[in-house]
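Dear colleague,

Here is the structure I said I would pass on. My notes follow below it.

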Amino acid sequence: MRRETYDAIVIGSGISGGWAAKELSEKGLSVLVLEAGRTLDPARDYLMNAPAFEMDFRYLGDIKRLNARQAVQKKCYACDEGAAQFFVDDIDNPYTTPEGKPFDWIRGRQLGGKSIMWGRQCYRWSDLDFEANLKDGHGADWPIRYRDIASWYDYVEGYAGISGEKLGLAHLPDGPFLPPMEMSCSEMFVRDGIAKKYGKARVLTVGRVANLSAAHNGRAACHYCGDCHRGCTTAAYFNSVQTTLVDALATGRCRIRPFSVVRSLAWDDAKGKVTGVQVVDGQTMQALDFQARIIFVCASALESTRILLNSKSRAHPNGLGGNSDVLGRNLMDHTMQSGASGNVAGFEDKKTFGNRPNGIYLPRFRNVTDQHPDFLRGYAYQGGGYRASEGWGRGVTTEGFGADFKRALKVPQYGGWRMSLGGFGECLPNPENRVTIDPQVVDKWGIPVLRIDMQWRDNERAIMKDAQVAAAEMLEAAGCTNVKTYDNMTPPGLTIHEMGTARMGKESKTSVLNKWNQVWEAKNVFVTDGAAMASSACQNPSITYMALTARAADYAVRALQRKEL
């Protein structure tokens with residue numbers, strides 16, 4: 001068996017793995033990045049500019065193939081003909097669920113992971129979120145507060161480039177934002193109407209998003225083509241392939257190895273620590289063994305926990321970090337697809353220009369200063385204003401071609417503006433929402449897979465019910481007509497914000513990781529992706545993963561220098 005030795009191994013090359021690779025290599029460590037999937041070249045593999053006539057199915061997708069190989073992945077809006085190659089093959093990458101408890105696990109396995117097709121919304125957490133577990137007794141108390149991570153939010157936001165509006169809200173802290181994107185006429189109309197009714201208690205703003213509204217760190221500003229999920233050849237949105245991994249490689253101390261499917265971490269009883277990573281080559285099926293002084297597990301929330309669960313040894317019979325029986329428990333996701341929409345009159349002569357890659361955001365207002373009688377925690381809204389019949393979609397069934405045809409499609413055919421507010425709700429940590437290793441099923445590479453057992457409970461359903469009612473009330477208060485609520489609450493997993501299962505905490509008896517994202521049972525192993533989260537808040541979580549990763553990498557290097565690891 002081959003053995004190579006590095007200062008650090010990073011498992012995964014997505015948002016968290018990219019940051020770990022960059023920070024560790026820039027601080028002088030030799031780094032090996034293990035990526036389970038293929039490598040890719042943005043100039044060749046990103047299809048944002050590919051015209052429909054070059055696609056076999058004109059972007060309508062190969063339905064037979066999707067049904068056969070990506071039956072779960074196709075449920076994600078972004079898994080279209082231009083981006084399906086960024087989602088896993090469900091046959092090669094199986095998992096199991098109990099009957100009647102669906103979980104839609106959306107995954108990406110290639111260089112950059114899901115950072116290629118993520119939603120890019122970036123919202124800081126505050127002490128309203130970090131103190132929530134302690135105050136209402138659901139979950140274990142976070143070992144950190146906002147002051148412990150604030151400067152790291154500044155650091156990662158300043159590098160990535162986040163556009164947005166500063167609001168001065170204590171529970172949604174501001175950052176060093178690039179200029180906000182412009183709202184549409186219908187969005188400004190609703191914003192002003194809500195402000196008139198609710199004052200500063202409810203604020204509608206444009207989304208804070210990792211798309212550049214101005215040139216930044218050598219990358220071009222977004223040109224509003226709108227097909228971000230197919231990859232951006234101008235690097236106008238943050239993804240690890242075109243940012244952190246580039247800087248990591250530029251140090252000359254980082255190596256990226258694709259097709260490296262991690263089976264487990266190797267525990268050495270004599271040394272009392274993890275000494276390496278056991279890998280299956282994704283192409284040859286050859287077993288490989290890489291060694292390092294520290295390991296950063298950044299494979300995405302559930303894949304990271306799967307690796308820990310599969311890392312069994314005499315000292316860790318339930319997997320590395322499993323001695324407290326917390327590993328695998330408290331799986332969370334966000335609820336979504338419940339809200340309301342309404343007509344906005346008076347702008348029939350207005351139309352959109354370009355395709356803004358962003359929507360609106362209305363921060364949480366429930367349970368901020370007082371307690372709602374029906375549920376704990378809260379929700380925020382995302383959505384936007386749109387012309388009901390505008391867009392290229394109707395061109396599929398309309399005869400014509402050429403420039404005049406395209407211009408005609410830009411003219412609204414009928415109907416006016418509508419505005420939609422969709423709730424994104426917090427999920428309470430619950431130990432019965434958990435993942436375990438299925439003893440009967442292995443993946444293409446012979447590695448045992450996860451069994452995912454999760455369901456929404458009363459608090460999540462109550463949050464989404466209130467999100468419908470409150471959205472309708474605000475739209476009506478703003479002057480919208482024909483307001484209708486909708487309740488299409490999706491199964492767990494489909495929001496693609498899976499969190500928890502290896503949470504941070506103050507005690508080894510109730511958590512898997514300490515305040516520096518170190519595994520209590522193996523101090524030279526760090527887990528810094530969504531697995532580490534002790535609660536879910538209601539904000540999109542990726543910017544918090546980035547901040548936690550940069551913070552943990554800084555700590556790890558200093559600990560190595562002190563010879564503590």
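**Charges over rings**

The charged end of R107 lies over the ring of W105, at 3.9 Å from the ring centre. A second case involves R120, whose charged end sits over the ring of Y237, 5.5 Å from its centre. Please keep in mind that this is a predicted model.

**Overall fold**

The chain contains 12 helices and 16 strands. Its C-alpha trace spans about 75 × 55 × 45 Å along the principal axes. A compact globule of 565 residues would have a radius of gyration near 24 Å, and the chain has 23 Å, so the two agree. Of the 565 residues, 60% count as buried. Among contacts with a separation of 6 or more, 73% are between residues 24 or more positions apart.

In soluble globular proteins, nonpolar side chains tend to be buried together. Here the largest nonpolar core has 119 residues, and L24, L265, I295 and F296 have the most contacts inside it. Helix α12 (residues 542–561) gives the largest share of this core, 13 residues. A second, separate core has 32 residues, including V209, M464, A478 and V483.

What does I295 touch, leaving aside residues up to four places away in sequence? The list is I9, I11, L265, V274, V277, N524, V525 and F526.

**Aromatic pairs**

There are 18 aromatic pairs in the structure. I looked at two of them.

One is W19 with Y155: the ring centres are 5.9 Å apart and the planes are at 55°, so the pair counts as tilted. W19 belongs to helix α1 (residues 15–26) and Y155 to helix α6 (residues 146–160), so this pair links distant parts of the chain, 136 residues apart. W19 is buried, with a relative accessible area of 0%, whereas Y155 counts as partly exposed at 34%. Both residues are also members of one aromatic cluster, formed by W19, W152, Y155, Y159 and F238.

The other is F296 with F526. Their ring centres are 4.8 Å apart and their planes are at 10°, so this pair is stacked; the cut-off for stacking is under 30 degrees. F296 is in strand β7 (residues 287–297) and F526 in strand β16 (residues 522–527), so the pair ties together parts that are 230 residues apart in sequence. F296 is buried, at 0% relative accessible area, and F526 is buried too, with a value of 0%. F296 is one of the residues with the most contacts inside the largest core, and F526 is among the residues that I295 touches.

**Positive phi**

Two residues other than glycine came up with a positive phi. For A235, phi is near 60°. A235 lies in the loop between β3 (205–206) and α8 (244–250), and it counts as buried at 9% relative accessibility. For F259, phi is near 50°. F259 is in the loop between β4 (254–257) and β5 (260–268).

Regards

Definitions and conventions: Residues numbered from 1 in each chain as written. Predicted model: local features only at pLDDT ≥ 70, side-chain atom pairs only at ≥ 80, totals over all residues. Heavy atoms only, no water. Phe/Tyr/Trp six-rings, centres within 6.5 Å; stacked < 30°, edge-to-face > 60°. Helix = DSSP H or I, 4+ residues; strand = E, 2+ residues; numbered from the N terminus. Buried < 20%, exposed > 50% of the residue type's maximum accessible area, 1.4 Å probe, protein only. Lys NZ or Arg CZ within 6 Å of the ring centre and 35° of its normal. Rg over C-alpha atoms; globule rule 2.2 N^0.38 Å. Contact = heavy atoms within 4.5 Å. Core = buried A, V, L, I, M, F, W, Y, C linked by side-chain atoms within 4.5 Å.
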